[in-house]
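Please keep the sequence and the structure at hand while reading.

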Amino acid sequence: MNVVILAAGMGKRMQSALPKVLHPLAGKPLLAHVIDTARALSPSALCVIYGHGGEAVPQAVAAADLSFAKQEPQLGTGHAVMQAVPHLRDDAPTLILYGDVPLTTRQSLQRLLDSAGADKLAVLTVELDDPTGYGRIVRQDGRIVGIVEQKDADDAERAIREVNTGIMVAPTAQLKQWLTTLSNDNAQREYYLTDIVARAVADGVPVVSAQPGAVWETLGVNSKVQLAELERIHQRNIANALLEQGVTLADPARLDVRGELVCGRDVTIDVNCVFEGKVELEDGVTIGAHCVIRNARIARGASIKPFCHIEDATVGAAAQIGPYARLRPGTELAEDVHIGNFVEVKNSQIAAHSKANHLAYVGDATVGSRVNIGAGTITCNYDGA
């Protein structure tokens, strides 16, 4: 199939010079989340439509499997998809996603694709208690006959609670034809992608729907408030998955995973810890409160006490680190090494059972086993400059 990701919007309400789709969620741009989900579906073509922010968007996510098309000026969602037409193969359906809707799951998209088959138009819809602002799904005798935008809806249509998420799958040859017939004769003076639903009905193409596993999968980001809300939803989902694996979290609401966190059995994590990049915690590891750990492997039974900062480092089994210790890139600690408060280690190998319990800097050093490094000790390579 083809995938088109619409990512041209400016995002005025973000109050930022950074294009909206490049704002980070869990340490990764919103758009990158959508691209990763799309890749999980193994598409034959993956096209990103960009506009605001110029080349910043393609530069941020450039990859061999992505093509880009620029939408300038921005004249609506239908106009955006028109820019992708040269990249779309007619013999495969086209899935349309949004660069500011980061939490949609592969399973929900697969459900939508399955309902579309090769010849139907399928729309992902949800029912909302308050549908204000969304396009309403208009049905007759249970069948979808159109989507009407909020600004163009009458009172009866505004009462409809089933809404369009914008995510849809269309047979590509017909999609290309429908796009050529779109008009901007509406309250927004834009070319609405949603108007293709009425074109499909007129052409006798069945219009079907599928629903996501949860409403939050379809939530978009238009402001910093919404970005913060989605961050907490996403982090809570990560926390729930860790809890199901048997990890003990002191408070699931006070955890931030900005990358990949792999945990063994009987791992315990206290509050306000941040994990970035790829972090591996082996069996029996305990992480104290307020630790920041990036790209690190902590071996079984190690204890990381509160307020430690660990980056690009390896910690051996049964080691004791902190509190208030800093392990910088290139640190390799063997088993049962003790690094105490206000000790900084950089680009050094420290062998088993050695200790630097307080107020030391160990840089660019190789330390053997059972060495005791006293307070105030400094090792470093200083070139005099």
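A residue is called exposed when its relative accessible area is over 50%, buried when that value is under 20%, and partly exposed in between. The model described here is predicted. Its salt bridges number 21, and its largest pocket has a volume of about 1700 Å³.

**Salt bridges**

- Lys70 and Glu72 form a salt bridge through their side chains, with 3.8 Å from N to O. Glu72 has a relative accessible area of 59%, so this residue is exposed. Lys70, at 34% relative accessibility, is partly exposed.
- A salt bridge joins Arg139 to Glu162, and the closest N and O atoms of this pair are 2.7 Å apart. Because Arg139 belongs to strand E8 (residues 136–140) and Glu162 to strand E10 (residues 162–170), the pair ties together parts that are 23 residues apart in sequence.
- Arg294 meets Glu311 in a salt bridge with an N to O distance of 3.1 Å. Glu311 sits in strand E19 (residues 309–315) and Arg294 in strand E17 (residues 292–298), so this bridge ties together parts that are 17 residues apart in sequence. Arg294 has a relative accessibility of 25% and counts as partly exposed.
- Arg294 and Glu311 also belong to a network of salt bridges, in which they are linked with Arg232, Asp256, Arg258 and Glu276.

**Largest pocket**

- The pocket of about 1700 Å³ is lined by 46 residues, and those closest to its centre are Lys20, Thr77, Tyr98, Asp100 and Asn222.
- Strand E1 (2–7), helix H3 (77–82), strand E10 and helix H8 (224–244) each give at least two residues to this lining. Strand E10 supplies the largest share, with five residues.
- By class, the lining of the largest pocket has 18 nonpolar, 20 polar and eight charged residues.

**Second largest pocket and helix H1**

- The second largest pocket has a volume of about 510 Å³. Its lining consists of 24 residues, of which Lys28, His33, His234, Ile238 and Gly259 are the closest to the centre.
- Two or more residues of this lining come from each of helix H1, helix H4 (106–116), helix H8 and strand E13 (255–263).
- Nine nonpolar, 10 polar and five charged residues make up the lining of the second largest pocket.
- Helix H1 spans residues 30–39 and is mostly covered, with eight of its 10 residues buried. The buried residues are Leu30, Leu31, Ala32, His33, Val34, Ile35, Thr37 and Ala38.

- Asp154 is found in the loop between strand E9 (143–148) and helix H5 (155–158). Its relative accessible area of 40% makes Asp154 partly exposed.
- The side chain of Asp154 has a polar atom 3.1 Å from the backbone nitrogen of Ala156, and this side chain also reaches the backbone nitrogen of Glu157, at 2.8 Å.

Key. Residues numbered from 1 in each chain as written. Predicted model: local features only at pLDDT ≥ 70, side-chain atom pairs only at ≥ 80, totals over all residues. Heavy atoms only, no water. Salt bridge = Lys/Arg side-chain N within 4 Å of Asp/Glu carboxyl O. Buried < 20%, exposed > 50% of the residue type's maximum accessible area, 1.4 Å probe, protein only. Helix = DSSP H or I, 4+ residues; strand = E, 2+ residues; numbered from the N terminus. 1 Å grid on protein atoms, 1.4 Å probe; cavity = no way out; pocket = protein on both sides within 12 Å on 5 of 7 lines; lining within 4 Å. Points joined across faces, edges and corners; volume = space filled by probe spheres on them. Nonpolar A, V, L, I, M, F, W, Y, C, P; charged D, E, K, R; others polar. Polar contact = N/O pair within 3.5 Å; in protein donor to acceptor, adjacent residues only side chain to side chain.
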